[in-house]
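Reader: I am new to this structure. Please take me through the labels and show what stands behind each one.

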Amino acid sequence: PTLPKQRGLKASEVAEILRRDLVEGQYTLTGNLTPGIFQDDCRFVDPNNAVEGLAQYRKALGFLFDPAESSLDLKSLAVAGSDAIVA
């Protein structure tokens with residue numbers, strides 16, 4: 001079942017969810033993120049890849065990292081303006 005999207009959140013609220021997902025859930029290693037803050041057809045881009053869609057992104061993360069052998073250290077996460085988050 002698809003979970004409802006969380007709409008109308010302030011950028012600071014989304015930033016806190018992302019911080020929690022990154023620090024506690026290690027989402028870039030596990031794919032365990034809060035889907036309610038992303039559109040299902042979102043696009044994820046990093047220097048090496050671009051992935052279309054939330055389901056594809058979560059699947060791709062499963063192929064990239066072994067959570068038992070990998071780690072994530074979040075250096076910073078900040079709200080930039082009214083609608084951007086930089087990590």
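Reader: Where is Thr 34 placed?

Author: Thr 34 sits in the loop between helix 2 and strand 1. One caution: this is a predicted model.

Reader: Why is Thr 34 called buried?

Author: Thr 34 has a relative accessibility of 19%. Buried means under 20%. Thr 34 therefore counts as buried.

Reader: Which residues is Thr 34 in contact with, leaving aside its neighbours within four places in sequence?

Author: They are Gln 6, Ile 17, Arg 20 and Asp 21. Contact here means heavy atoms within 4.5 Å.

Reader: How many salt bridges does the structure hold?

Author: It holds four. One of them joins the side chains of Asp 40 and Lys 5.

Reader: What makes the pair Asp 40 and Lys 5 a salt bridge?

Author: The N to O distance is 2.9 Å. The cut-off asks for a side-chain nitrogen of Lys or Arg within 4 Å of a carboxyl oxygen of Asp or Glu. The pair of Asp 40 and Lys 5 is therefore a salt bridge. In general, side chains of opposite charge can pair when their charged atoms come close.

Reader: What does the pair of Asp 40 and Lys 5 tie together?

Author: Asp 40 lies in the loop between helix 2 and strand 1, and Lys 5 in the segment before helix 1, so the pair ties together parts that are 35 residues apart in sequence.

Reader: Why are Asp 40 and Lys 5 called partly exposed?

Author: Asp 40 has 47% relative accessibility. Lys 5 has a relative accessible area of 24%.

Reader: What are the exposure classes of Arg 43 and Glu 52?

Author: Arg 43 has 52% relative accessibility. Exposed means over 50%, so Arg 43 is exposed. Glu 52 has 49% and is therefore partly exposed.

Reader: Which residue forms a salt bridge with Lys 75?

Author: Asp 73 does, with the closest N and O atoms 2.9 Å apart. Both Lys 75 and Asp 73 are exposed.

Reader: Which residues of the largest nonpolar core touch the most other members?

Author: Tyr 27, Phe 38 and Tyr 57 do, in a core of 14 residues. Helix 1 and helix 3 each supply at least two residues of this core. Helix 1 gives the most, with four residues.

Reader: What is Tyr 27 in contact with, leaving aside its neighbours within four places in sequence?

Author: Its contacts include Phe 38, Tyr 57, Leu 18 and Leu 61. Asp 21 and Asn 32 are also among them.

Reader: What is the volume of the largest pocket?

Author: It is about 460 Å³. Of its 22 lining residues, the closest to the centre are Val 14, Leu 18, Phe 38, Ile 85 and Val 86. Helix 1 gives the largest share of the lining, four residues. By class, the lining has 14 nonpolar, four polar and four charged residues.

Conventions
Residues numbered from 1 in each chain as written. Predicted model: local features only at pLDDT ≥ 70, side-chain atom pairs only at ≥ 80, totals over all residues. Heavy atoms only, no water. 1 Å grid on protein atoms, 1.4 Å probe; cavity = no way out; pocket = protein on both sides within 12 Å on 5 of 7 lines; lining within 4 Å. Points joined across faces, edges and corners; volume = space filled by probe spheres on them. Nonpolar A, V, L, I, M, F, W, Y, C, P; charged D, E, K, R; others polar. Buried < 20%, exposed > 50% of the residue type's maximum accessible area, 1.4 Å probe, protein only. Core = buried A, V, L, I, M, F, W, Y, C linked by side-chain atoms within 4.5 Å.
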